[in-house]
Amino acid sequence: MHTPVVCSADADGLPQARVMVLRKADPTAATLRFHTDARSPKVAELDGKPVAVLAYHPTEQMQLRLAGTGRVLTDGETVDGIWNQSTLFARRCYLAESAPGTPLPGPSSGLPAWIEGQQPTPDQIIPARANFATLWVEVTAIDWLHLANSGHRRALFRACDGWAGEWRAP
Ligand SMILES: Cc1cc2nc3c(=O)[nH]c(=O)nc-3n(C[C@H](O)[C@H](O)[C@H](O)COP(=O)(O)O)c2cc1C
């Protein structure tokens with residue numbers, strides 16, 4: 001469940017889904033944290049908007065359909081701390097010259113040629129910070145599904161019920 005699918009609706013109301021690395025799940029605050037490029041069109045689709053997160057655990061045969069609200073943070077002590085704790089290689093992708101989705105004349109990583117295949121130095125990575133964004137999903141409902149030959153099971157948990165949970169037909 002390290003790479004769930006994060007779903008939004010675009011400006012035309014059409015569904016948009018993409019895989020993202022789950023960086024942190026905080027059960028106390030019921031939040032998930034993801035990292036992305038601040039220039040990505042998904043930032044506007046997710047910030048302050050309803051978000052669905054879909055994850056499947058193949059060994060446990062468990063699906064989680066999470067509903068919540070997105071919040072994008074780019075500045076402040078918390079985001080600075082997360083940025084500084086990321087590896088230089090992880091931060092390198094934020095050196096990309098154009099926003100994600102920008103048309104290119106040919107296949108390319110979008111990175112400047114001088115950093116291709118190399119780990120940036122702490123000085124070289126400084127300008128990339130402006131392109132780094134954190135996405136926080138405040139989870140408000142969890143639809144849990146477990147598949148088993150002995151009988152599938154499904155339950156719905158909602159923040160508004162204090163996460164009490166209720167069984168549902170699978
Ligand atoms: C395994 C995997 C992990 C990914 N992790 C992230 C991620 O953490 N953040 C991110 O913005 N995009 C991630 N992507 C890329 C997105 O799926 C997507 O292609 C990209 O963010 C552009 O999406 P957008 O057009 O909706 O902005 C990942 C893709 C894969 C296949």
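This report walks through a predicted model of one protein chain, from its overall layout to a few individual residues.

## Overall layout

Let's start with the whole chain. The protein chain holds 3 helices and 9 strands. Read from the N terminus, these elements follow the order β-β-β-β-α-β-β-α-α-β-β-β. Taken along the principal axes, the C-alpha atoms fill a box of roughly 55 × 35 × 35 Å.

Of the 170 residues in the protein chain, 35% are buried. Contacts across the sequence are worth a look too: among those with a separation of 6 or more, 55% are between residues 24 or more positions apart.

## The annotated domain

An unreviewed UniProt entry carries the annotation "domain: Pyridoxamine 5'-phosphate oxidase Alr4036 family FMN-binding", and this annotation covers residues 11-73. In the model, residues 11-73 are 56% strand and 10% helix.

Arg18 sits in strand S2, which spans residues 15-19. Is this arginine buried or exposed? Arg18 counts as buried because its relative accessible area is 18%, and the cut-off for buried is under 20%. Its side chain makes a polar contact of 3.0 Å with the side chain of Ser8. Beyond its neighbours within four places in sequence, Arg18 is in contact with Pro4, Val5, Val6, Cys7 and Ser8, and also with Lys42 and Glu45.

Thr3 is found in the segment before strand S1 (5-9). With a relative accessibility of 44%, Thr3 is partly exposed. If you set aside residues up to four places away in sequence, Thr3 touches Val19, Met20 and Val21. For a sense of distance, the C-alpha atoms of Thr3 and Ala96 are separated by 22 Å, and these two residues are 93 residues apart along the chain.

## Thr134 in strand S7

Thr134 belongs to strand S7. Its relative accessibility is 0%, so Thr134 counts as buried. Which polar partners does the side chain of Thr134 have? One is the backbone oxygen of Leu73, which lies 2.8 Å from a polar atom of the Thr134 side chain. Another is the side chain of Trp136, joined to that of Thr134 by a polar contact of 2.9 Å.

Leaving out neighbours within four places, Thr134 is in contact with Phe34 and His35, with Arg71, Val72 and Leu73, and with Val79 and Ile82.

## Aromatic pairs

How many aromatic pairs does the structure hold? There are 4. One of them is formed by Trp83 and Tyr94, an edge-to-face pair with 5.9 Å centre to centre and 70 degrees between the planes. Trp83 lies in helix H2 (residues 77-85) and Tyr94 in the loop between helix H3 (88-92) and strand S7 (132-146), so this pair ties together parts that are 11 residues apart in sequence.

Trp144 is partly exposed at 22% relative accessibility, whereas Trp167 is exposed at 64%.

## More around Trp83

Together with Tyr94 and Phe132, Trp83 forms one aromatic cluster. Arg91 also comes into this picture, lying over the face of Trp83 at 5.4 Å from the ring centre.

## Cysteines and disulfides

How many disulfides does a search of the whole structure find? The search returns 0. Cys93 is partly exposed, with a relative accessible area of 44%, while Cys160 is exposed, with a relative accessible area of 67%.

Definitions and conventions
Residues numbered from 1 in each chain as written. Predicted model: local features only at pLDDT ≥ 70, side-chain atom pairs only at ≥ 80, totals over all residues. Heavy atoms only, no water. Disulfide = S-S within 2.5 Å. Buried < 20%, exposed > 50% of the residue type's maximum accessible area, 1.4 Å probe, protein only. UniProt positions renumbered as here; feature names shortened; annotations may be inferred. Helix = DSSP H or I, 4+ residues; strand = E, 2+ residues; numbered from the N terminus. Polar contact = N/O pair within 3.5 Å; in protein donor to acceptor, adjacent residues only side chain to side chain. Contact = heavy atoms within 4.5 Å. Phe/Tyr/Trp six-rings, centres within 6.5 Å; stacked < 30°, edge-to-face > 60°. Lys NZ or Arg CZ within 6 Å of the ring centre and 35° of its normal.
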